[in-house]
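Hi,

Here is the structure I promised to pass on to you. Have a look at it first, and my notes follow below.

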Amino acid sequence: MMGNNREVKVEVKNLTKKFDDLLVLNDISFNIRKGEFVCVVGPTGCGKTTFLNLLTKLIEPTSGELLIDGEPADPKKHNLAFVFQEPSAFQWLTVEENLAFGLKIKKLPPDEIKRRVDNMLELLGLTKFRNAYPSQLSVSSEQRIIIGRAFVMNPDLLLMDEPYGQMDIKLRYYLEDEVIRLWKETGSTVVFITHNIEEAVYLAEKVLILTNKPATIKEEIEVELPRPRDFTDPAFIQLRTHITDQIKWW
Amino acid sequence: MKQRNLFLEILYAVLPAVSIACLLVLWMGVSGNRPDLIPTPAETWSRFADTFDKPIMRLSFFGHILASLRRVMTALLISWSAGILFGILIGWSRTGKSVFGSIFNMLRPIPPLAWIPLITIWFGIGETPKILIVVIGSIVPVIVNTQSGMERVEQLYLDVGTVFHANSRQLLFEIAVPSALPTILAGIKTSISTGWMVVLAAEMLGAKSGVGFLITRGMDSGDTALVLVAMIAIGIVGALLAVFISFVERMICPWLRKK
């Protein structure tokens, strides 16, 4: 394991969000270390997506703070990337142009964009499809483009909102390994939201369990199983069962 | 199985020719029995050949087609640039929509031909009024489609842009406009046929050139063969324009090509 003494990358302090009178997130505090892979699980409708939208600053919290490297999170200064639940590859751009999109928005020098995109195409194994359009590829390739488009930014914080929610098991396994590989290659800090507990235990260094609405953090679990992880390992199963029990609110 | 597929392929290749042949036969039948209703194909053909020996109003047949095409193309270029800009304005900006939207919705249902009297008073009977009427007719589908394309840009795409911290200009030009392009192109396609339709009407009222003029001339002098020649030419040019625009569409929106 990479050890627990890495510096803190993201600090969430007393984060609270109300929509009018509806309290969705209640006083959430936790830290994410640099390069950590955190999975967030919780019952359906507990406010996981609201939680992510707060982290990306798509919406503002009612109270509380979000610090990145000790400074208030600011999309202008910090490099945030987001992988949405729905397939969001731009249909009118080729694979290569999709990967370069965020880098161009940030106005990086062209040779730097080319270097990073080439590298990402290589990592994704999509080099020979660089000039293809997303509609010409399979669903899994399209999802890989989206994930690549996020990782290629070398983000300070990469947020993923159930990116594999609509995939079948085989694709899931495949893409889960892919995301681990990219995470290791790029050293990004990842927050991965899922409702699939097995997926959380398979991927995470740390699992945050949210309670039912209004959501607070019920438990923080360090997952120290060796990789690649084995779904049938008794330790794996024990952890999975424990998290499942924690999520039950009935 | 393979043979059957081959048979079907051949059948599908031959059928269009068969249906055109049937139409010709029908035409020959009707014109043979009732020459007062419609000239025969042979007469029409020789009338077509005549237009080259005896120019009408000092213009050959192709001269007339070119005259119409020039009017349509000038008008279309104006419609496309102005229509897309205006469509983006009322489709993308709420202010733009609330200021101009209702005016546009009021003017939109007025058929372009209804403008003819006013346009004639304002601009006389030269080229400008004809082009203007075609612009009025062909700009509507461009605006309507651009507006609806811009209003229906997927929120998800815009969210992706926002997360990448795109500014509003980048959201507009890097995301909204390209994602609306197929819809805008559909409007452009419609505008071509509308423009072609309106130019004929405009030419039938006081022009000295163009296919619409040929039809009026044929009607006035009881020359139905000439009317028919002009009609066929209109059909062929219209079809060629459609082919041309679908070629342009493939160039501009390569992602719409089938796998």
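Accessible areas here come from the Shrake-Rupley method with a 1.4 Å probe. One thing to keep in mind throughout is that this is a predicted model. On that basis, the accessible surface of chain B comes to about 14,800 Å², and carbon and sulfur atoms make up 70% of it. Of the 259 residues in chain B, 41% count as buried.

Now for the fold of chain B. The chain has 10 helices and zero strands, so if you read from the N terminus, the order is simply α-α-α-α-α-α-α-α-α-α. Its C-alpha trace spans about 70 × 70 × 25 Å along the principal axes. The radius of gyration is 23 Å, whereas a compact globule of 259 residues would have one near 18 Å. Among contacts in chain B with a separation of 6 or more, 68% are between residues 24 or more positions apart. As for charge, chain B carries 21 positive and 14 negative side chains, and the centres of these two sets lie 5 Å apart.

I also checked the record. An unreviewed UniProt entry places the feature "transmembrane region" at residues 7-30, 72-92, 104-125, 131-150, 194-215 and 227-248 of chain B. Two of those spans may interest you. Residues 7-30 of chain B are 100% helix and 0% strand, with end C-alpha atoms 34 Å apart. Residues 194-215 of chain B are 73% helix and 0% strand, and there the end C-alpha atoms are 18 Å apart.

Finally, some backbone details to look at. Most residues other than glycine have a negative phi, and most peptide bonds are trans.

- The peptide bond from A:R227 to A:P228 is cis, with omega near -10 degrees. A:P228 sits in the loop between β10 (217-222) and α7 (234-247) of chain A.
- A:D20 is not a glycine, yet its phi is positive, near 55 degrees. This residue lies in the loop between β1 (8-19) and β2 (22-33) of chain A. Is A:D20 buried or exposed? Its relative accessible area is 73%, and exposed means over 50%, so A:D20 is exposed.
- B:M57 also has a positive phi, near 55 degrees, in a residue other than glycine. You will find B:M57 in the loop between α2 (41-53) and α3 (61-92) of chain B. At 36% relative accessibility, B:M57 counts as partly exposed.

Key:
Residues are numbered from 1 along each chain as its sequence is written. Chains are lettered from A and ligands numbered from 1 in the order in which they are written. This is a predicted model: local features need pLDDT of at least 70, side-chain atom pairs count only at pLDDT 80 or more; totals for chains, interfaces and linings use all residues. Side-chain values use heavy atoms; hydrogens and water are left out. Helices (H or I, at least four residues) and strands (E, at least two) are DSSP runs, numbered from the N terminus. The radius of gyration is taken over C-alpha atoms; the globule rule is 2.2 Å times the number of residues to the power 0.38. Buried means under 20% relative accessible area, exposed over 50%, partly exposed in between (1.4 Å probe, protein chains only). Contact means heavy atoms within 4.5 Å. Lys and Arg count as positive and Asp and Glu as negative; His and the chain ends are not counted. The place of a charge is taken as NZ of Lys, CZ of Arg, CG of Asp or CD of Glu. UniProt positions are given in the numbering used here, feature names are shortened, and annotations may be inferred rather than shown by experiment.
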